[in-house]
Amino acid sequence: MSQAASAAISSSPGALSRLVALAAVAAVVLAVALVAGPRYGLLLLIGLGFGLALEGFRFGFTGPWRRMILERDASGLLAQLICIALVASVAFPLLAANGAELKGAHAPIGVAMIGGAFVFGAAMQIVLGCGSGTLVNAGSGNAIGAVALPFFAIGSFAGAYHLTWWTNLGSLPVVALSGGPGLAITLVGLGAVAALALMVGKPGSYRLPARYWGAILALAGLAILHLVVAGQPWGVVYGLGLWVAKVVVAVGGDLSGSAFWSAPGNQAQVAASVLTDVTSLTDFGLIGGAALMAWWRAGLASPVGVLPARAWGAVIIAGLVLGYSSRLAFGCNIGAFFSGIGTGSAHGWVWFIAAFAGSWVGVRLRPSLGLEARK
Amino acid sequence: MIRAHVTGAVLVLIVGIVAFDAGTAEPLNPYTAPPMLALGSGMAAAGAHCAAPPPK
């Protein structure tokens, strides 16, 4: 890269550059709306909003859990719980009144689901990126996130390929809370977790920084808008696996051996344009929004960290595991934890407990994998 | 290498996925697209989601 180009990246972009960037983003959204349909353009815009909010407010899911485990700082976890409570407060009445048009992120609790969530929790601490976090990290120039992303997608495809085998190990029927009583139970549950986190956390954890409040309001608003536009809650990992399934089919691969990928709905989605897949569009938007925000505040000039070879190996394996386990767990931190609890699914609560336990293990694995200095 | 290189590579990957898909997937038809909002559309939600249970 030339010195002039480096200087342009390290300094804040000028007003004209920002205007051009915004016009380019608007043109892409408009183009998708015109060629695919207005709903799909709007979903891309919502995804961009998620990326801008997560990167702009420096908010995520992995970091707050890590700080809760290592430093007893409960503030980030508290912010997540408040955000889910806001989403639930709107989503429950919407789902109750419009059950034919809207659906929640409801999935069964099972052996593989619990194991998948535990493993996902460990892997997300190893790469310091969950479902949304890996996309945001990749978009904002984090090399670990960028390397993990394609392997996350491959793992998601493979996990979905084998999903029926795993669920046959043992699953309960889907349990979903609904209506006023369901919302009350959900809010009491979120309040109880928040109270426990504050009891265990260090004093002062209840004081949330202003950026957390910004993230809470932005993410909750976008998540509710997503439900209204798409008819389903925000999710991440289905789209990643779909991209790989499309490549497999395009090169002559046969998906008929998978009950999941050969199901009529998934076959149709593999054949249809990626610009009509809900999670693909919001995933594209997440990456694009994070990239835009990182560029906007001149955050792309810092050098990429140097890691030992075994650390990169760990990132690749963790990426595969993140993708595979998130399918077994019926979602990542977004599809299962955020959207699952936010729309009343009991599997979201079980996912949270299992993934948090996995995170405790993952936090302790990082030094031995060469991803951070031993203390 | 700086972060801009990584972001650039990721954006190229995304554009590549969309371009590859445009050449292999069914053509788009905005006239058969669903309404902008699912809420109030009278149509059942049909999108795929990671929490959806697998087919029996």
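Two residues are in contact if their C-beta atoms, placed from the backbone, lie within 7 Å of each other. This is a predicted model, where local features need pLDDT of at least 70 and side-chain atom pairs count only at pLDDT 80 or more, while totals for chains, interfaces and linings use all residues. Residues are numbered from 1 along each chain as its sequence is written, with chains lettered from A and ligands numbered from 1 in the order in which they are written.

**View 1. Leu222(A) and its contacts.** Look for Leu222(A) in helix H11 (residues 210–230) of chain A; helices here are DSSP runs of H or I with at least four residues, strands are runs of E with at least two, and both are numbered from the N terminus. Leu222(A) has 22 C-beta neighbours inside 10 Å, so it counts as buried (20 or more other C-beta atoms within 10 Å means buried, 12 or fewer exposed, in between partly exposed, with C-beta atoms placed from the backbone). Skip its neighbours within four places in sequence, and Leu222(A) touches Ile46(A), Gly49(A), Phe50(A) and Ala53(A).

**View 2. Helix H12 of chain A packing with helix H15 of chain A.** H12 (residues 237–250) and H15 (residues 309–328) meet at an angle of about 120 degrees, and their axes are 10 Å apart. Axes are lines fitted to C-alpha atoms, for helices over the stretch in contact, and angles run from 0 to 180 degrees between N-to-C directions. Val237(A), Leu240(A) and Gly241(A) of H12(A) make the contact with Gly323(A), Ser326(A) and Arg327(A) of H15(A). Sort those residues and you get two nonpolar, three polar and one charged (Ala, Val, Leu, Ile, Met, Phe, Trp, Tyr, Cys and Pro are nonpolar, Asp, Glu, Lys and Arg charged, and the others, Gly among them, polar).

**View 3. The buried side of helix H13 of chain A.** In H13 (residues 264–271), Asn266(A), Gln269(A) and Val270(A) are buried. Seen down the axis of H13(A), these residues fall within an arc of 100 degrees, so they line one face of the helix; the arc is that of the directions from the helix axis to the C-beta atoms. H12 of chain A is included in what covers them. Turned away from that buried side, Pro264(A) and Ala271(A) are exposed.

**View 4. Chain B against chain A.** Here 38 residues of chain B are in contact with 72 residues of chain A. On the chain B side, that's 29 nonpolar, six polar and three charged. Chain B has one helix and zero strands, and buried residues make up 29% of its 56 residues.
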